[in-house]
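This report goes through a structure part by part, for a reader who has not seen it before.

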Amino acid sequence: MLFFSYFKDLVGREVTVELKNDLAIRGTLHSVDQYLNIKLENTRVVDEDKYPHMRSVRNCFIRGSVVRYVQLPPDGVDIELLHDATRREARGG
Amino acid sequence: MATGLGLESLVDQTISVITNDGRNIVGVLRGFDQATNLILDESHERVYSTKEGVQQLVLGLYIIRGDNISVVGELDEDLDSNLDMSKLRAHPLKPVVH
């Protein structure tokens, strides 16, 4: 639940999602659900010359199970807050 | 839930699906469920290669199991009609490696 809440706070921010097939998609985070499925708006594939497969796609849904990394805006992480929340979670609430 | 979850907004729209084995299937979304299983109508596969333009294979009505789905994209019809598929050359997408 922690990372679900965390991603919900990032809605509206620009992120880059790297998939497990090496495709990297940049866009505005529109929503996230309990499976960490991600919806992006105004998407661009990072290396569009190599991957023209999504040239006519501007909004997309990415299945949580294929996400390798999510690159966040530099000020998108409050590390102290995340540390505390993670410790709290580890203690069981 | 505050965030617009799921694929409701894409029902009856043309979507482009990338599967875990790297295939690209385009069709009209007719239904889906919580596991991202999809029902695609009037679908076709776009086969990318470096030797020739994009080949389109007609598939018809398809059900894709959610396990096998990477990305579901809303196809912008204007952008898509401006693409010259016969000139597009690219390696097929790599399969997903978990």
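In this predicted model, 26 residues of chain A are in contact with 30 residues of chain B. On the chain B side, β1, β5 and α1 (77-81) each supply at least two of the residues that touch chain A. The largest share of that side comes from β5(B), with seven residues.

Ten strands form an open sheet with antiparallel pairing, in the order β5(A)-β1(A)-β2(A)-β3(A)-β4(A)-β5(B)-β1(B)-β2(B)-β3(B)-β4(B). The edge strands are β5 (67-71) of chain A and β4 (55-64) of chain B, each of which pairs on one side only. On average, neighbouring strands of the sheet are turned by 35 degrees against each other, direction ignored. Strands of a sheet pair through backbone hydrogen bonds, either parallel or antiparallel. One pair in chain B is made by β1 (residues 14-19) and β2 (residues 24-32), which run antiparallel and are joined over five bridges. There, B:Thr14 stands opposite B:Val28 of β2(B).

The largest nonpolar core has 34 residues, and those touching the most other members are A:Val17, A:Leu40, A:Cys60, A:Ile62, B:Val17, B:Leu38 and B:Val72.

Which residues does A:Ile62 touch, not counting residues up to four places away in sequence? They are A:Val17, A:Leu19, A:Ile25, A:Asn37, A:Ile38, A:Leu40, A:Val67 and, from the other chain, B:Val71.

An unreviewed UniProt entry annotates residues 2-76 of chain A as "domain: Sm". Over residues 2-76, chain A is 45% strand and 11% helix, and the end C-alpha atoms are 15 Å apart.

Helix α2 of chain A covers residues 79-90. It has twelve residues and reaches 16 Å from its first C-alpha to its last, close to the 16 Å expected at 1.5 Å a residue. Is α2(A) well covered or hardly covered? The helix α2(A) is hardly covered, as the count of buried residues among its twelve is zero. Just after α2(A), A:Gly92 takes a positive phi of about 90 degrees.

Definitions and conventions
Residues numbered from 1 in each chain as written. Chains lettered and ligands numbered in written order. Predicted model: local features only at pLDDT ≥ 70, side-chain atom pairs only at ≥ 80, totals over all residues. UniProt positions renumbered as here; feature names shortened; annotations may be inferred. Helix = DSSP H or I, 4+ residues; strand = E, 2+ residues; numbered from the N terminus. Pairing = 2+ DSSP bridges. Axes fitted to C-alpha atoms, helices over the stretch in contact; angles between N-to-C directions. Expected span 1.5 Å × (residues − 1). Buried ≥ 20, exposed ≤ 12 C-beta atoms within 10 Å, placed from the backbone. Core = buried A, V, L, I, M, F, W, Y, C linked by C-beta atoms within 7 Å. Contact = placed C-beta atoms within 7 Å.
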